[in-house]
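Colleague: I would like to go through the labels used for this model and ask what stands behind each.

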Amino acid sequence: MRALKETEAQGSAVRGNILQAVSEVLGDHGVQEEKREEILQLTEAATKKVLENYPQMGLKTTRQDWALEAIGATTDEERTSKSYGGQGKKTWWLSPFSFSSANPPASILQPRIAPGNCWAFPGSRGHVAIRLPEQIWPMAFSIWHISEAVSPSGEVSSAPKDFAVSGVDEAAAETLLGTFTYEVHKEIAQTFPVQKELPRTFRCIKFQVQSNWGNPEYSCVYRVQVHGKTASHKDHLQAQDLL
């Protein structure tokens with residue numbers, strides 16, 4: 001059931017990203033709204049058919065993501081930085097686009113990537129604690145941000161730059177899993193392997209942004225993914241190695 005929910009969420013993300021790109025191209029070429037809607041409907045139907053009939057082209061090669069709300073991941077508000085703009089449902093108009101301060105930290109656990117659909121926090125330093133659906137041996141992490149090409153402002157200075165990832169145990173002790181740099185001029189989704197062999201599993205992962213790409217007012221996190229194996233799966237592999 002969990003694998004099915006994750007696959008469905010990943011399929012939704014793929015379709016959403018394709019439709020977003022097609023819509024932008026149609027807009028750039030001045031296609032009329034009525035015709036554009038018809039093309040988007042046909043594109044969505046075709047994309048869904050491709051992903052259903054040719055999974056090897058789509059989802060089976062995708063790393064499993066444990067930081068996905070659809071399978072039970074949550075954010076720990078008490079261990080997470082305050083959102084930009086406080087707790088009110090106010091919209092911040094950051095010309096030429098806006099996002100709502102009502103976007104909670106759990107926005108980073110959603111598969112949809114679109115301008116403004118992010119969690120924002122004040123300044124260039126902040127953190128979020130992600131509680132996974134079960135104990136996981138972390139193997140890698142993926143960070144997503146929109147590209148300059150789709151950003152309404154034409155720049156992505158609010159994107160995370162330097163960041164650290166730690167495993168957190170129930171006593172709140174932290175184990176550093178690595179420090180990394182997200183490059184805004186590369187692909188929008190970048191994956192970073194853990195930097196050392198881990199002696200244990202974790203249920204909570206802390207993602208800590210240490211700098212951004214120049215925005216002095218706020219930073220935006222679009223999506224954080226945690227890749228790894230369950231404790232039982234890891235134990236099974238280790239037992240096989242001993243045979």
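Modeller: Buried means under 20% relative accessible area, exposed over 50%, and partly exposed in between, with a 1.4 Å probe and protein chains only. This is a predicted model, in which local features need pLDDT of at least 70, side-chain atom pairs count only at pLDDT 80 or more, and totals for chains, interfaces and linings use all residues. Residues are numbered from 1 along each chain as its sequence is written, and side-chain values use heavy atoms, leaving out hydrogens and water.

Colleague: Why does Cys220 count as buried?

Modeller: Its relative accessibility is 2%, and the limit is under 20%, so Cys220 is buried. Cys204 is also buried, because its relative accessible area is 4%.

Colleague: What makes strand S9 mostly covered?

Modeller: Six of the eight residues in S9 (residues 202-209) are buried. Strands here are DSSP runs of E with at least two residues, numbered from the N terminus.

Colleague: How do you know that S5 and S9 pair?

Modeller: Pairing takes at least two DSSP bridges between two strands. S5 (residues 126-144) and S9 run antiparallel with seven bridges, so they qualify. Gly126 stands opposite Val209 there. S6 (residues 162-168) also pairs with S9 in the antiparallel sense, over six bridges, with Ala164 facing Gln208 as its bridge partner.

Methods:
Helices (H or I, at least four residues) and strands (E, at least two) are DSSP runs, numbered from the N terminus.
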